[in-house]
Amino acid sequence: MTFLGVQARADLSALHRLCEQRGATVPLLAARAALTQLGAATGPVLKRGEGAWSGAGISSSLSLLSLLCKVNTSQGPETEGLRGPPRSAPPRNWTEAYEHLRAAVGAGFGEGSPQARAMDGGTVTAGAFTDLAARFHLNRFSVELPRPLGGAAAAGAGGFGAALEEALAGNVAGGTGGGSSRAGSAVYLVPSLFNHSCEPSVDVAFPGGTAAMELRARRDVAAGEELTISYLDSALPRAQRQEHLLKGYGFECRCPLCEEQRED
Ligand SMILES: [Zn+2]
């Protein structure tokens, strides 16, 4: 069964309302990925181990996600005993979103269905869901498209448009140029490997009016020099950049611009 087939049977309106009310976008991304996984629930048995999804077929895109960094919020038996610092509880938005998703799948497919079982003890447990959310949280990009002529409405991605646009305002990686609107969130494997600088060497853009990302050097780059992108609007004052990077990404920025603007 395809993702769309799963979505057609599982009524996600409660999940969407929750995310709209709280301006939360990450649970929507995680829900979409989880539904993709559920679409394979009737296929080959998939195994999840050590933070990675392995198995056959549909899981390949989720396996790729496992390569990405995640915020350290996972908890529960699936992650106990793994190395690393103490883990905090996942955000309430994520756990409540999972409960909505579980209820929708139970109502749409029936308790005891392969899909419901996959959520109770299979590949789409609460722990797996927050694991997905933790990766999306750190790695999502805002897709910025030119505003359509004669209208400010953004093209919605899968019906998420309005909620995403509001929530993402001023809070995303990628360009912040005028005249564009945020059309949604997406994850890109290779661009997710770039580190941040408030004075980046590479610009992120979506020049084609689609979600196809273009990475373009802003200046000459020396051989062997690390390529960087900006996770936020670099025109913000230093204190705001520092706060956003610490809260959103968990690091203190020591890029050349931040060092230059340091007040001491
Ligand atoms: Zn910086």
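Predicted model: local features only at pLDDT ≥ 70, side-chain atom pairs only at ≥ 80, totals over all residues.
Which residues are buried in α7? Residues are numbered from 1 along each chain as its sequence is written.

**Overall composition**

- The secondary structure of the chain comprises 10 helices and eight strands; helices (H or I, at least four residues) and strands (E, at least two) are DSSP runs, numbered from the N terminus.
- Of the 264 residues in the chain, 33% are buried. A residue counts as buried if 20 or more other C-beta atoms lie within 10 Å of its own, as exposed if 12 or fewer do, and as partly exposed in between, with C-beta atoms placed from the backbone.
- Among contacts between residues at least 6 apart in sequence, 68% join residues at least 24 apart. Two residues are in contact if their C-beta atoms, placed from the backbone, lie within 7 Å.

**Helix α7**

- In α7, the buried residues are Ala126, Ala128, Phe129, Thr130, Asp131, Leu132, Ala133, Ala134, Arg135, Phe136, His137 and Asn139.
- Because 12 of the 14 residues of α7 are buried, this helix is largely enclosed by the rest of the structure.
- Helix α7 covers residues 126-139 and reaches 20 Å from its first C-alpha to its last, close to the 20 Å expected at 1.5 Å a residue. The expected span of a helix is 1.5 Å times one less than its number of residues.

**Helix α5 and its partners**

- The axes of helix α5 (residues 92-109) and α7 come within 10 Å and cross at roughly 130°. That angle makes α5 oblique to α7. Axes are lines fitted to C-alpha atoms, for helices over the stretch in contact, and angles run from 0 to 180 degrees between N-to-C directions. Angles under 35 degrees count as roughly parallel, over 145 as roughly antiparallel, 65 to 115 as roughly perpendicular and the rest as oblique.
- α5 passes α7 in a right-handed crossing. A crossing is right-handed if the near helix is turned clockwise from the far one by less than a right angle, and left-handed if anticlockwise.
- On the α5 side, Trp94, Thr95 and Tyr98 meet Ala126, Phe129, Thr130 and Ala133 of α7. By class, this contact of α5 with α7 has five nonpolar, two polar and no charged residues. Ala, Val, Leu, Ile, Met, Phe, Trp, Tyr, Cys and Pro count as nonpolar, Asp, Glu, Lys and Arg as charged, and the others, Gly among them, as polar.
- With helix α6 (residues 114-121), the axis of α5 comes within 8 Å and crosses at roughly 155°. The two helices α5 and α6 are therefore roughly antiparallel to each other, and α5 passes α6 in a left-handed crossing.
- Arg102, Val105, Gly106 and Phe109 of α5 make the contact with Gln115, Ala116 and Met119 of α6. The residues of this contact of α5 with α6 divide into four nonpolar, two polar and one charged.
- The axes of α3 and α5 come within 10 Å and cross at roughly 35°, and α3 passes α5 in a right-handed crossing.
- The contact is made by Pro27, Ala31, Ala34 and Leu38 of α3 and by Asn93, Trp94, Ala97, Leu101 and Val105 of α5. By class, the contact of α3 with α5 has eight nonpolar, one polar and no charged residues.

**Individual residues**

- Gly209 lies in the loop between β6 (202-205) and β7 (214-217). Gly209 is exposed, because it has 12 other C-beta atoms within 10 Å. Leaving aside neighbours within four places in sequence, Gly209 is in contact with Leu145 and Pro146.
- Gly23 occupies the loop between α2 (13-22) and α3 (26-39). Gly23 is partly exposed, with 14 other C-beta atoms within 10 Å. The C-alpha atoms of Gly23 and Asn93 are separated by 9.8 Å, although these residues are 70 apart along the chain.
- Leu4 has its place in helix α1 (residues 3-9). Leu4 is exposed, with 11 other C-beta atoms within 10 Å.
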